[in-house]
Amino acid sequence: MAALLAVGAPLTGVALIVAQAALNAYGPSALAGNWAGTALFFVMMMAGYALLVFTQLRYENVLVFFGAFFLLGIGASVVAGAVSDQALHERGRTTACTVQKVDRREVTSTDSNGNTTTDVYYDHDLACAEPRVRTMTTGSEVADRGERVQVLYDPRGRLDPRPAGSVGDPGASLRWGSALFGGGVLLRVLFELDVPPFGPGTGFWLGRLRRRRRRRPVRVRRPSP
């Protein structure tokens with residue numbers, strides 16, 4: 001069971017995340033642009049990340065809990081991004097566009113602990129030499145209204161347009177993502193093997209604080225005479 005949680009769960013999770021990215025980029029056209037395909041991709045992605053996140057609750061060592069949490073999450077995202085980058089390298093085309101309008105949009109989300117995160121997006125309305133490319137959403141404003149910009153797009157319409165030159169090297173992304181993900185799995189394995197300072201009995205242990213709270217003596221007042 002320990003090996004299954006330490007290794008099997010994250011590998012299954014990243015497999016679902018990468019499979020979702022591959023289906024989105026290379027899958028049959030029947031899954032593109034309809035609610036069934038969108039729902040399938042969403043369920044696969046959420047199930048994959050759920051396996052990474054919720055199985056982390058087992059690892060009460062602070063170094064392992066936070067270290068593996070970030071390494072697994074970032075590594076899986078980078079590997080999945082390498083799949084999309086590869087698809088754009090293979091079939092992506094570039095078109096010249098003029099920015100017609102830029103809208104700044106904020107999206108605020110709240111996690112289970114009540115922590116809020118705000119992400120900023122920029123929606124660009126475009127007039128392009130390729131008439132199929134009309135909009136582009138980025139994490140930063142790439143050009144002001146009236147300016148020209150080169151946009152990389154997917155002729156199949158499976159992947160969203162993005163600024164030309166923003167697509168990285170898929171091979172390098174795959175190597176970095178795999179290394180980060182492997183580091184997260186290694187931290188889990190070290191915890192299961194009780195290797196200091198990563199084991200359950202060493203280092204900074206969240207469970208120790210919980211036990212201290214449970215064992216805190218309760219003072220009983222003697223009845224007054």
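I looked up P197 and found it in the loop between helix 4 and helix 5 (206-215); helices here are DSSP runs of H or I, at least four residues, numbered from the N terminus. I checked the peptide bond from P196 to P197, and it is cis, with omega near -5 degrees.

I noted that this is a predicted model, where local features need pLDDT of at least 70, side-chain atom pairs count only at pLDDT 80 or more, and totals for chains, interfaces and linings use all residues. Residues are numbered from 1 along each chain as its sequence is written, and side-chain values use heavy atoms, with hydrogens and water left out.

I then turned to D194, which lies in the loop between helix 4 and helix 5. D194 has a positive phi of about 60 degrees and is not a glycine. Its relative accessibility is 40%, so I list D194 as partly exposed (buried is under 20% relative accessible area, exposed over 50%, partly exposed in between; 1.4 Å probe, protein chains only).

Next I went through helix 4 itself. I compared its length with expectation: the 23 residues (170-192) should span 33 Å at 1.5 Å a residue, and the end C-alpha atoms are 33 Å apart, which agrees. The expected span is 1.5 Å times one less than the number of residues.

At the N-terminal end of helix 4 I found D169 as the cap, with a side-chain oxygen 3.2 Å from the backbone nitrogen of G171.

I listed buried residues of helix 4, among them P170, G177, F181 and R188. What covers the buried residues of helix 4 includes helix 1 (2-26), helix 2 (35-54) and helix 3 (62-91).

Key. Helices (H or I, at least four residues) and strands (E, at least two) are DSSP runs, numbered from the N terminus. Contact means heavy atoms within 4.5 Å. A polar contact is a pair of N or O atoms within 3.5 Å; within protein, one must be able to donate a hydrogen and the other to accept it, and residues adjacent in sequence count only if both atoms are side-chain atoms.
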